[in-house]
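Thanks for coming, everyone. Let me put the model on the screen, and then we'll walk through the strands.

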Amino acid sequence: GTHPDWIKRIKKLDQQLKERMIINTVVKELELEMAEQDFLNEKKNVVKEFEEKKVYLREQLLSELEEKQKMIELERTSMELTGDSLELKPVTTRKLRRRANDGLGNTLCGAGFKYGPGEKRRKQAPPTLKCLLEDKDIEDDLKIINKTLSLSAAASNSIKKELDQAGSGGSLRSASPNFARDARIEDGKLFYEKRWFRRGQTVWVEGKDGSYGATISAIGSEAIWVRRSEDNSKVSIYLSQLNKGKLGLKRRAQ
């Protein structure tokens with residue numbers, strides 16, 4: 001048609017179409033740039049987390065090896081202390097069981113040998129530690145042995161408690177909660193559980209009292225504010241609550 005109003009409206013629609021196309025192109029480029037930046041940031045954070053976790057695991061392994069080395073040294077000391085006393089017993093009992101002088105004594109007695117009126121037959125020394133050590137030395141050795149055994153038992157109990165605590169958490173990662181839940185705010189965005197959250201994003205808030213849907217309305221330096229979808233009320237969530245596991249965030253489809 002050639003009606004002036006028709007032509008004017010067509011031109012206006014064409015102008016709006018061009019503006020909309022320009023805006024869509026700019027928004028697309030901006031979204032692509034933001035997505036690429038998020039990818040680079042997440043990659044950087046993953047590499048950093050990997051290095052920190054590697055150092056942490058290395059320190060844990062070194063500490064465990066040191067504890068085991070101490071236990072082995074304590075056991076070796078206790079075995080040396082107890083092993084010396086045990087080695088003497090079979091040697092002395094073997095000498096008693098052989099009775100090398102019994103044949104000679106029996107022969108002399110059988111040949112008519114008699115002891116004098118004031119003489120007594122000399123008894124053989126019993127095969128015990130009392131023949132070699134004084135009573136005080138024996139008591140000191142026993143104290144050292146008991147002390148060593150108590151230290152070894154205490155070390156084994158402490159290691160067992162540490163292993164039980166690590167086992168109750170599920171893994172080494174749970175033993176270090178800083179790796180499991182790392183919540184921080186950078187460049188006006190929240191990083192939580194290896195994901196970035198921005199202002200205006202819909203989330204699902206989980207807590208001990210229940211869960212609810214919400215939208216992130218503002219992001220500060222130590223906390224974020226969300227607006228509940230049910231009653232449109234504002235709720236503040238601090239980084240300490242996310243790190244301690246009191247509250248949790250999950251992405252929700254818009």
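Strand 2 and strand 3 (residues 195-197) run antiparallel and are joined by 3 bridges. Two strands count as paired if DSSP finds at least two bridges between them. Helices (H or I, at least four residues) and strands (E, at least two) are DSSP runs, numbered from the N terminus.

Before going on, the ground rules. This is a predicted model, where local features need pLDDT of at least 70 and side-chain atom pairs count only at pLDDT 80 or more, while totals for chains, interfaces and linings use all residues. Residues are numbered from 1 along each chain as its sequence is written, and side-chain values use heavy atoms, with hydrogens and water left out.

Back to strand 2 and strand 3. F191 has W196 in strand 3 as its bridge partner. The two strands form a hairpin with 2 residues between them. In that turn, E193 has a positive phi of about 50°.

Now the other neighbour. Strand 1 (residues 184-186) is joined to strand 2 by 3 bridges, again antiparallel. I185 stands opposite L190. R184 stands opposite F191. This hairpin has 2 residues between its strands, and D187 takes a positive phi near 55°.

We get an open sheet of 3 strands, order 1-2-3, with antiparallel pairing. Which strands stand at the edges? Strand 1 and strand 3 do; each has a single partner strand, so one side of each is left without a neighbour in the sheet. From one strand to the next, the twist averages 35°. For that angle, axes are lines fitted to C-alpha atoms, for helices over the stretch in contact, and angles run from 0 to 180 degrees between N-to-C directions.

What about the side chains of strand 2 (residues 189-192)? In a regular strand, side chains alternate between the two faces of the sheet. Here K189 and F191 point one way, L190 and Y192 the other way, and all are buried. Buried means under 20% relative accessible area, exposed over 50%, partly exposed in between (1.4 Å probe, protein chains only).

Next, further along the chain. Strand 5 (residues 210-219) and strand 6 (residues 223-228) pair in the antiparallel sense over 5 bridges. A hairpin of 3 residues joins them. A218 has W225 in strand 6 as its bridge partner. Strand 6 is also joined to strand 7 (residues 234-238), antiparallel, by 5 bridges. There, A223 is partnered by Y238. That hairpin has 5 residues between the strands, and N232 takes a positive phi near 60°.

Now the helical end. Helix 1 covers residues 4-98, and L13 lies in it. W6, I7, I10 and L13 make a nonpolar surface patch of about 360 Å². Is L13 buried or partly exposed? Partly exposed, with a relative accessible area of 47%. Like charges are joined within 9 Å, nonpolar side chains (Val, Leu, Ile, Met, Phe, Trp, Tyr) within 5 Å.

Last, the whole chain. The protein chain has 6 helices and 8 strands. Buried residues make up 17% of its 254 residues.

That's the tour. Over to you.

Definitions and conventions:
Patch = residues over 30% accessible without salt bridge, like charges linked within 9 Å, V, L, I, M, F, W, Y side chains within 5 Å. Areas by Shrake-Rupley, 256 points an atom, 1.4 Å probe, with all protein chains shown as cover. Salt bridge = Lys/Arg side-chain N within 4 Å of Asp/Glu carboxyl O.
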